[in-house]
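Here's a quick tour for anyone opening this one up for the very first time. Have a look at the picture below, then read on.

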Amino acid sequence: MEINISKISRCEGIKENFDIIDNNQHELIFNNQTFKALPPLSVKGYAVNYEGKIEVELEISAKVEMQCSRCLEAYAQDIHVNATHMFAKEGFQTDEEEHLFKGDEIDLTEIVLNEIAAELPMKPLCSENCKGLCPVCGNNNNQSNCNCKVEEIDSRLQILKKLLDDEQGGV
Ligand SMILES: [Zn+2]
Ligand SMILES: [Zn+2]
């Protein structure tokens with residue numbers, strides 16, 4: 001995921017667009033867990049020479065393999081994120097937030113993967129309407145219905161009925 005800045009780094013104000021499709025398999029770390037970014041990963045944007053520094057605008061689109069927190073199925077989480085990063089030539093850094101570059105290439109891989117990881121949901125859901133698993137039999141309620149819920153309510157009602165009967169019987 002490299003961009004060539006040989007032209008823009010030589011002249012202030014010059015802007016160059018890039019449109020990268022990365023078909024490699026990448027992994028990212030989030031919450032001490034490793035996740036797979038599913039190819040292709042798209043990184044569009046532009047680089048511009050701004051007072052001798054290179055400003056890079058990124059528009060990232062990716063899919064990350066995650067596990068739904070309700071139904072526990074694997075699914076592809078869509079991630080779209082925009083970000084801006086500044087790059088300074090080695091030896092010309094004036095701000096801690098600036099990344100360094102040497103030569104004519106800037107490798108965006110680490111920055112892009114970090115941006116994607118920062119967008120991953122804490123509570124992943126395959127769909128907002130995910131019905132999850134049946135707490136009784138573990139059935140995936142998105143795929144089929146089981147009758148456990150009805151039985152569960154029935155047994156609770158029966159216990160309640162029994163308690164009421166006992167109470168009434170005691171009076
Ligand atoms: Zn789900
Ligand atoms: Zn069930």
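**A first look**

Leu160, Leu163 and Leu164 make a nonpolar surface patch of about 300 Å². This is a predicted model, where local features need pLDDT of at least 70 and side-chain atom pairs count only at pLDDT 80 or more, while totals for chains, interfaces and linings use all residues. Residues are numbered from 1 along each chain as its sequence is written, chains are lettered from A and ligands numbered from 1 in the order in which they are written, and side-chain values use heavy atoms, with hydrogens and water left out.

**The surface patch**

- Patches are made of residues with over 30% relative accessible area and no salt bridge; like charges are joined within 9 Å, and nonpolar side chains (Val, Leu, Ile, Met, Phe, Trp, Tyr) within 5 Å.
- The areas themselves come from the Shrake-Rupley method with a 1.4 Å probe, and for residues only the protein chains shown count as cover.
- Leucine 160 sits in helix H2; helices (H or I, at least four residues) and strands (E, at least two) are DSSP runs, numbered from the N terminus.
- With a relative accessibility of 48%, leucine 160 counts as partly exposed; buried means under 20% relative accessible area, exposed over 50%, and partly exposed in between (1.4 Å probe, protein chains only).

**Zinc ion, ligand 1**

- Which residues hold this one? The zinc ion (ligand 1) is coordinated by Cys68, Cys71, Cys126 and Cys130, each through SG, at 2.3 to 2.4 Å.
- Cysteine 68 is in the loop between strand E5 (53–67) and strand E6 (74–89), and cysteine 130 is in the loop between helix H1 (109–119) and helix H2 (148–170), so to speak linking distant parts of the chain, 62 residues apart.- The 4 donor atoms around the zinc ion (ligand 1) subtend angles of 105 to 112 degrees, which makes the arrangement tetrahedral.
- Donors are N, O and S atoms within 2.8 Å of the metal (3.2 Å for Na, K and Ca), and water is not among the atoms, so sites may look incomplete.
- Four donors count as tetrahedral if all angles lie between 85 and 135 degrees; four count as square planar and six as octahedral if opposite donors are over 155 degrees apart and all others between 65 and 115, and anything else is irregular.
- Along the sequence, the donor residues of the zinc ion (ligand 1) follow the spacing C-x2-C-x54-C-x3-C.
- Cysteine 68 is buried, at 1% relative accessible area, and cysteine 130 is buried too, at 6%.

**Zinc ion, ligand 2**

- Cys134, Cys137, Cys146 and Cys148 coordinate the zinc ion (ligand 2) through their SG atoms, at 2.3 Å.
- Cysteine 134 and cysteine 146 are both in the loop between H1 and H2, 12 residues apart.
- The site of the zinc ion (ligand 2) is tetrahedral, with angles of 105 to 114 degrees among its 4 donor atoms.
- Its donor residues are spaced C-x2-C-x8-C-x1-C in sequence.
- Cysteine 134 counts as buried at 7% relative accessibility, while cysteine 146 counts as partly exposed at 25%.

**The nonpolar core**

- The largest nonpolar core has 36 residues, and Leu41 and Leu108 have the most contacts inside it.
- Strand E2 (15–22), strand E3 (26–30), strand E4 (33–50), E5, E6 and H1 each supply at least two residues of this core.
- E5 gives the most to the core, with 7 residues.
- A nonpolar core is a set of buried Ala, Val, Leu, Ile, Met, Phe, Trp, Tyr and Cys residues joined through side-chain atoms within 4.5 Å.

**Salt bridges**

- The count comes to 3 salt bridges, a salt bridge being a side-chain nitrogen of Lys or Arg within 4 Å of a carboxyl oxygen of Asp or Glu.
- Lysine 53 and glutamate 98 meet in one of them, at 2.9 Å from N to O.
- Lysine 53 lies in strand E5 and glutamate 98 in the loop between E6 and strand E7 (99–101), so this pair ties together parts that are 45 residues apart in sequence.
- Both ends are tucked in: lysine 53 counts as buried at 14% relative accessibility, and glutamate 98 counts as buried at 10%.
- Lysine 63 forms a salt bridge with aspartate 78, their closest N and O atoms being 2.7 Å apart.
- Lysine 63 is in strand E5 and aspartate 78 in strand E6, so the pair ties together parts that are 15 residues apart in sequence.
- Lysine 63 is partly exposed at 38% relative accessibility, as is aspartate 78 at 42%.
- Lysine 7 forms a salt bridge with glutamate 16, with the closest N and O atoms 4.0 Å apart.
- Lysine 7 is exposed, with a relative accessible area of 62%, and glutamate 16 is partly exposed, with 27%.

**One more spot in the loop**

- Lysine 131 is found in the loop between H1 and H2, and it counts as exposed at 58% relative accessibility.
- Lysine 131 and asparagine 142 are 11 residues apart in sequence and 5.6 Å apart in space, C-alpha to C-alpha.
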